[in-house]
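Please keep the sequence and the structure in view while reading.

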Amino acid sequence: MNSSLVVFNSLTSKKETFKSILPNKVGMYVCGPTVYSNVHLGNCRTFISFDLIFRYLQHLGYKVRYVRNITDVGHLENDSDYGEDRIAKKARLESIEPMEVVQRYTLDFRDTMTRFNALPPSIEPTATGHIVEQIELIKKIINQGDAYEVNGSVYFDIIKFNKKTPYGKLSGRLIEELIHNTRSLEGQIDKKNPQDFALWKKAEPEHIMHWPSPWGEGFPGWHLECTAMSQKYLGSQFDIHGGGMDLKFPHHECEIAQAESVYKKSPVNYWLHANMLTLNGKKMAKSTGNNILPDQMFSGENKVFKKAFSPMVVRFFMLQAHYRSIVDISEIALEASEKGFNRLVEGIKTLDNLVASSITSEFDLKAWKEKCYGAMNDDFNSPILIGYLFDAVKYINATANNKQEISTKDLEELKQIMNEFFNDVLGLKSDEKSIKLSENIKLQGTLDLLSEIRDKARNSKDFETSDLIRDALAKLNIQINDAPKGSSFKIK
Ligand SMILES: [Zn+2]
């Protein structure tokens, strides 16, 4: 077990040496998606970040229990305690059952994550599957005196809780500040204090998702499910809790309060938060149109980018940034990643066919390996790791061109390490699509040549030749577009 792993803990805002509660075992909980629409790319980045963390912990030899929930009830519009449930709203708009909405978008989510080669979590619990556990948890919080019932709803009393245990540790928000900044009780008639949050909400007659409870028909509050499910599967104190940066407040802060109220201890040792993804320099939002779905990226059918990008290229692009920094996705950046990814794939292919040529190597494999692990042990710094993999590719190519030499022993070890980092840790694969992309470079060159020949033929009015090229390509589903400056191709 490598004990030099250091992680940035959002709770202390410091890098800390990672030490699991149980030797060789890690419990990790990550807030999953609310399945009311197709998973968006920003969420995918969060889950790819935690996939990298999951993979690296396993690579280090930890047995990881990775729990990632599916939110299928309780997440209201605007992340607040009032308004319509996101899933119920979608069901109403489409005249289908809420569970049809859940099924459709859970499948979409899983399918998208599989295409990104993200490993499935060990347990994927749903909020609706844990209503009993959530009701039990509310009872315990009420018993501690930290929650109160009003008119069929139950709220967490932040002021009361704060008197015993400070609220706001994770986000660094002070309770006084919260009281000062929270809007008045307007529209929140039930609550004692506006900053209190719902544990259980009474179902209004129009609310279609509701369950019986000691407080009447209702549904659980959004923050409650994660506490109920993380405690159930990982215990009252576990190693890692992850999620998107935007969940830090109020969602994760509320999770801490709920757990501390009942278990009287900090529920999580390391809080890890993945940063957001912007598109062409701006926040991604459906409402402004500055948005793209993963599927649209993979198929190329979108108005944002001129061409399609494979899931592996998009994953590689994301891993080229550290999970805690903001990444901006753009055509130029993706094209650069595509080239880089293909170079890496080609390098690994070359490595597979490389023949050892000497007893000694001109590459310090041991030092290089240490640098690779050093990067990943430093809060999962994948961009630095990728930089070292490129150093190896340079050496591989030079060796293939007889400019450098490698020993048999080093060659075998280099093959093993490259494969482990590329496949197991970074979760990349030279799948059919990426092989195709690498071949596309050759294809593009061939097409450019054909294009030139065809333009020459058209200029000299040799339409027989130009039509021959056009028709032959059309049969291969390659569409030719003529323009005054020259023709271009579109591969369907
Ligand atoms: Zn959560």
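The points below move from the whole chain to sheets, helices and single residues.

This is a predicted model, in which local features need pLDDT of at least 70 and side-chain atom pairs count only at pLDDT 80 or more, while totals for chains, interfaces and linings use all residues. Residues are numbered from 1 along each chain as its sequence is written. The protein chain contains 16 helices and 15 strands; these are DSSP runs numbered from the N terminus, with helices (H or I) of at least four residues and strands (E) of at least two.

**Overall architecture**

- Along the principal axes, the C-alpha atoms of the protein chain fill a box of roughly 85 × 60 × 35 Å.
- The protein chain has 492 residues, of which 41% count as buried. A residue is buried if 20 or more other C-beta atoms lie within 10 Å of its own, exposed if 12 or fewer, and partly exposed in between, with C-beta atoms placed from the backbone.
- Among contacts in the protein chain with a separation of 6 or more, 73% join residues 24 or more positions apart. A contact requires that the C-beta atoms of two residues, placed from the backbone, lie within 7 Å.
- The protein chain is divided into domain 1 (19-274), domain 2 (300-425) and domain 3 (432-491); the bounds come from an automatic or database domain assignment.
- A distance of 32 Å separates the C-alpha centres of domain 2 and domain 3.

**Strand pairing and sheets**

- Strand S1 (residues 6-9) pairs with strand S2 (residues 14-17) in the antiparallel sense over four bridges. Two strands pair if DSSP finds at least two bridges between them.
- Asparagine 9 stands opposite lysine 14 in S2. The hairpin of S1 and S2 has four residues between the strands, and serine 13 in this hairpin takes a positive phi near 55 degrees.
- An open sheet of four strands has the order S5-S6-S7-S8 with antiparallel pairing. Its edges are strand S5 (147-150) and strand S8 (218-220), each with a single partner strand, so one side of each is left without a neighbour in the sheet.
- On average, neighbouring strands of this sheet are turned by 20 degrees against each other, direction ignored.
- Within this sheet, strand S6 (residues 153-156) and strand S7 (residues 197-202) run antiparallel and are joined by three bridges; valine 154 stands opposite tryptophan 200 in S7.
- Another open sheet has three strands in the order S12-S11-S13, and its pairing is mixed. Strand S12 (282-283) and strand S13 (327-329) are the edge strands, each pairing on one side only.
- Strand S11 (residues 277-279) pairs with S13 in the parallel sense over three bridges, and leucine 277 has valine 327 in S13 as its bridge partner.

**Contact between H2 and H3**

- The axes of helix H2 (residues 86-94) and helix H3 (residues 98-115) come within 8 Å and cross at roughly 105 degrees. Axes are lines fitted to C-alpha atoms, for helices over the stretch in contact, and angles run from 0 to 180 degrees between N-to-C directions.
- H2 and H3 are therefore roughly perpendicular to each other, a term that covers angles of 65 to 115 degrees.
- Ile87, Ala88, Lys90 and Ala91 in H2 meet Pro98, Val101 and Val102 in H3. The residues of this contact comprise six nonpolar, no polar and one charged. Here Ala, Val, Leu, Ile, Met, Phe, Trp, Tyr, Cys and Pro count as nonpolar, Asp, Glu, Lys and Arg as charged, and the others, Gly among them, as polar.

**Backbone features and single residues**

- Most residues other than glycine have a negative phi, and most peptide bonds are trans.
- Serine 95 has a positive phi near 50 degrees and is found in the loop between H2 and H3. Serine 95 is exposed, because 7 other C-beta atoms lie within 10 Å.
- Aspartate 379 is not a glycine, yet has a positive phi of about 55 degrees. Aspartate 379 is placed in the loop between helix H12 (365-377) and helix H13 (382-400), and counts as partly exposed with 19 C-beta neighbours inside 10 Å.
- The peptide bond from phenylalanine 249 to proline 250 is cis, with omega near 0 degrees; proline 250 is found in helix H8 (residues 248-263).
- Asparagine 24 is found in the loop between S2 and strand S3 (25-30), and is exposed, with 11 other C-beta atoms within 10 Å.
- Asparagine 24 and glutamine 103 are 79 residues apart along the chain, and their C-alpha atoms are separated by 35 Å.

Key: Parallel < 35°, antiparallel > 145°, perpendicular 65-115°, else oblique.
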